[in-house]
Protein chains: 2
Amino acid sequence: MTGKKPDLRSPDSLDFLRPGIHFTPVAGFMNDPNGLVFDGTQYHLYYQHNPKAAYSAEICWGHATSHDLLSWKDQPIALHNTPEGQAFSGCALLDTENTSGLFDGFDGPNIVALYTRSLPTRQSQYLAVSHDDGQSFTSYESNPVLDIGSPDFRDPQVLWHEPSAQWVMVIAEVDRHRIGFYGSTNLIDWTVLSHFGPAGLPTVNYECPNLIEIRDEGGKRRWVLFVSINPGSPMGGSVTQYFIGNFDGRAFTPCDGILRLTDFAKDAYALQVWSNMPDDEAVSIAWMGNWQYCQELPTPDWRGVMTLPRTMSIRQDTHGYPRLVQVPRGLEPFRQSLLSESAFSLNEASRREIGLPESGAIELVIRLTAAMPRPVEHGPVGPTINRFELAFANAGGERLSVGYDVPSSQIWLDRSKLRGFDHAFFTGRFSAPVDTTLYPDRRTLDLHLILDGCAFELYANQYLETATALVYPEQPFDRLYLSAEGTDFLIEALEINTLDKTMERATL
Amino acid sequence: MTGKKPDLRSPDSLDFLRPGIHFTPVAGFMNDPNGLVFDGTQYHLYYQHNPKAAYSAEICWGHATSHDLLSWKDQPIALHNTPEGQAFSGCALLDTENTSGLFDGFDGPNIVALYTRSLPTRQSQYLAVSHDDGQSFTSYESNPVLDIGSPDFRDPQVLWHEPSAQWVMVIAEVDRHRIGFYGSTNLIDWTVLSHFGPAGLPTVNYECPNLIEIRDEGGKRRWVLFVSINPGSPMGGSVTQYFIGNFDGRAFTPCDGILRLTDFAKDAYALQVWSNMPDDEAVSIAWMGNWQYCQELPTPDWRGVMTLPRTMSIRQDTHGYPRLVQVPRGLEPFRQSLLSESAFSLNEASRREIGLPESGAIELVIRLTAAMPRPVEHGPVGPTINRFELAFANAGGERLSVGYDVPSSQIWLDRSKLRGFDHAFFTGRFSAPVDTTLYPDRRTLDLHLILDGCAFELYANQYLETATALVYPEQPFDRLYLSAEGTDFLIEALEINTLDKTMERATL
């Protein structure tokens, strides 16, 4: 492909943008993940879906199953758009004890879906049960099970709260900027427990709340409440914020007044967690998209990507604040090593070029330390620049750059030098301070990057920082540049792998 | 200049980037405003300054005076870098009652500066008094007046709190992410009152706290605490957050758990308020800069711009949340009308071009309403786009664009199509939802824009949204485009003015 500029009007020429290991819909539009449940044998991924066109309309639940959360098998539509409303977001769970009474005589798994039926004037919560391992659902005869007469009340997540021996529903009162907590012993009759919010960003809509216990580094379990908001992200449009605190079976109380976002870029929305995970592992997946431009992305036949599944934990940062740690999960079986080096020097003002295969997903892990002593010196017109940059590039001059400014301990992600998608809301540059707990001399950075078609994930500082970004070059990247400015860097370790394709999708 | 591409290495060719009505240093580097005080006759603007070079080093207090907050007369350096430390940020106030005892026999104005002397290992608070109307200061003999043995304790602001009959100092415990409140009856002896924080963004450093009472729309006075943070803004680098609440003479209590930022772009830092304003008018000024790139801006001889002075008030938004309203202050005498039109139509897919003068500041006020009925329709590959765009442009193809997406009620500011400054942290695109209190049908937008050299200010929705951005085209803008996509717009009013130059600075 080198030097050849594809015709962006031809869908075929965009095949290189289709991810191979990130979940995408076969065709049409996809947004939020839904109904994430492990049924004892396989994982289910349902998702907000319009199979007919690559924009949001007549939303149903698409469905895929997997044994490893990465190799997905497409399944038939599980919940359809009906006269009762579009099948909006919700959860799935196992009613193993048949608390609902809806699985009498059935041998399981007792999969229940609780989700929102959306009409223009009313959003209410529906219950449905599956007797065929999640392939299809039968609507409960007395739906809705929860209706407060609101057109903006949606996205229920339900979990079993053992200490209070009840099901707890967490649901968005969208335009009131609060999360409702409801309790039930049978999944059918719901009583309000409490409300949380407004809190955090003063946005337009709250959506997709998720509540889960996550272990911190000391093994202590902390309650974490995820709340997606749209629009109103400081980065523009959609973003997922989260609160760490306590849930006592009635109310959620945050541990502090700090605002936390799951991501420092802007394509990680509607983060959801798997229910019924073995060992209570906290595993999430989010939609790689932003409502500001998700219906105008340059792939006209399909739009929507899921993040990789991520294992979540909690770690204290430099300042003693608990923060979310997100680690991509289960990639090992799909890795093929391309390059592995250690302890080499990248000299000031030098650049190293590494060739990349023309197609397929690339994983890169690097750890580096700047030789520079702090503080910086001043040249005639400004301070000495001390920066490391890593760039995916191609012969067309496009660059997807990740870098580290050593004096200020900030990382950047720059997708502004790509030409495949130009949109007033498609922000090009993102940055974040790197927490320095692990590297007190503030000269070291570790990065774990995954580039898979239009899906790019960045993890830094042992997974304390995450950036999730859609990227649209006009042509595939075929090379990688490492460069140093103002100081030498020791590259302590560099690994580059390919990641096998895990799904049948149109690709190169 | 049309079509001529200036040589960016020549400082002369950059003269068009020098603002005419926004305050800039004659030469060298400028960051935070300091010591903002009205002395009964004139306004003082001190500022963090390195007169020798356009980067941060050997910081002193620059000084300028004005009778209207816009026409500034440069004054000699007021506080110098000394062996006791750089003269970091602080405040100035009138000790009219001579509570300090340092103005015995003096006829006033009794101007006191309280500020931080900064050494690498220690930051402590110094008091100095002026007997020549703020031209120079005499250091108090027993400085420092406040020292907690910290290298990260700075930026005192002091105000008289009448109900508790004391001076209150608000000061940043920088890396502890909290604001200290101290009390004194003589400006010399300080006692700790309380601390506030951590709150809001989990950042690296807290700086430049300012506490002030601001009237809401009902005339009620609310306490507002501004806290600048760097780095750690979600937009990258530096940002000013604020809290609305109560201050009882001892402690500040926010009215809610909502995060508020003063700006949706990233060049409005270290917001400070004037003390001793007639009628208790709340007037602020902020530094147009961001520590991510402020020392690398393309004007090698001078760097640093202040925002226009802004009158602040508090208004409830759609959701009932109190929010800051910022209105540029005192521009009327400097306005020369270029164009004034009303009630004309901008048709779908049409574009109107308006010529602009080749130099000087431009002010634009527009109010428009989309003809489109909501909700949007879908075309073959996505929803119908319904957008208005206004772009400052030049023959080089550069565009500074502001736009409105009607269906989602979001505005954007796009500086990514300018080529005069390219930096990994120089984010190009910003956006925000427009609060719809005033326009319940969500089809109307009002904008007030000021473009003055490299300084660009955007106010939207009757001043509830503000974006402050440095802009670096390669050549001057000489035209304006108005364009409509997907729907007709009624332009209810359009005014374009020039703004007179108010300071002697190198310009075209």
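1. In this predicted model, residues 22–318 of chain A are 0% helix and 52% strand.

2. The domain assignment divides chain A into domain 1 (11–16 + 27–328) and domain 2 (332–499). Between the C-alpha centres of domain 1 and domain 2 of chain A the distance is 32 Å.

3. At the boundary between the domains of chain A, 34 residues of domain 1 are in contact with 41 residues of domain 2. About 3100 Å² is buried between domain 1 and domain 2 of chain A, and carbon and sulfur atoms give 63% of that area. Phe16(A), Phe264(A) and Met288(A) supply 25% of what domain 1 of chain A buries against domain 2, more than any other three residues.

4. Polar and charged pairing also occurs across this boundary. There are three salt bridges between domain 1 and domain 2 of chain A, and 17 residue pairs are in polar contact, both residues being at pLDDT 80 or more. Glu465(A) forms a salt bridge with Arg323(A), with the closest N and O atoms 2.5 Å apart.

5. On the side of domain 1 of chain A that touches domain 2, the elements giving two or more residues are strand S24 (310–316) and strand S25 (322–328). S25(A) provides the largest share, six residues. By class, this side of domain 1 of chain A has 17 nonpolar, eight polar and nine charged residues.

Conventions:
Residues are numbered from 1 along each chain as its sequence is written. Chains are lettered from A and ligands numbered from 1 in the order in which they are written. This is a predicted model: local features need pLDDT of at least 70, side-chain atom pairs count only at pLDDT 80 or more; totals for chains, interfaces and linings use all residues. Side-chain values use heavy atoms; hydrogens and water are left out. Helices (H or I, at least four residues) and strands (E, at least two) are DSSP runs, numbered from the N terminus. Domain bounds come from an automatic or database domain assignment. Contact means heavy atoms within 4.5 Å. Buried area is the accessible area (1.4 Å probe) that two parts lose on being put together, summed over both. A salt bridge is a side-chain nitrogen of Lys or Arg within 4 Å of a carboxyl oxygen of Asp or Glu. A polar contact is a pair of N or O atoms within 3.5 Å; within protein, one must be able to donate a hydrogen and the other to accept it, and residues adjacent in sequence count only if both atoms are side-chain atoms. Ala, Val, Leu, Ile, Met, Phe, Trp, Tyr, Cys and Pro count as nonpolar, Asp, Glu, Lys and Arg as charged, and the others, Gly among them, as polar.
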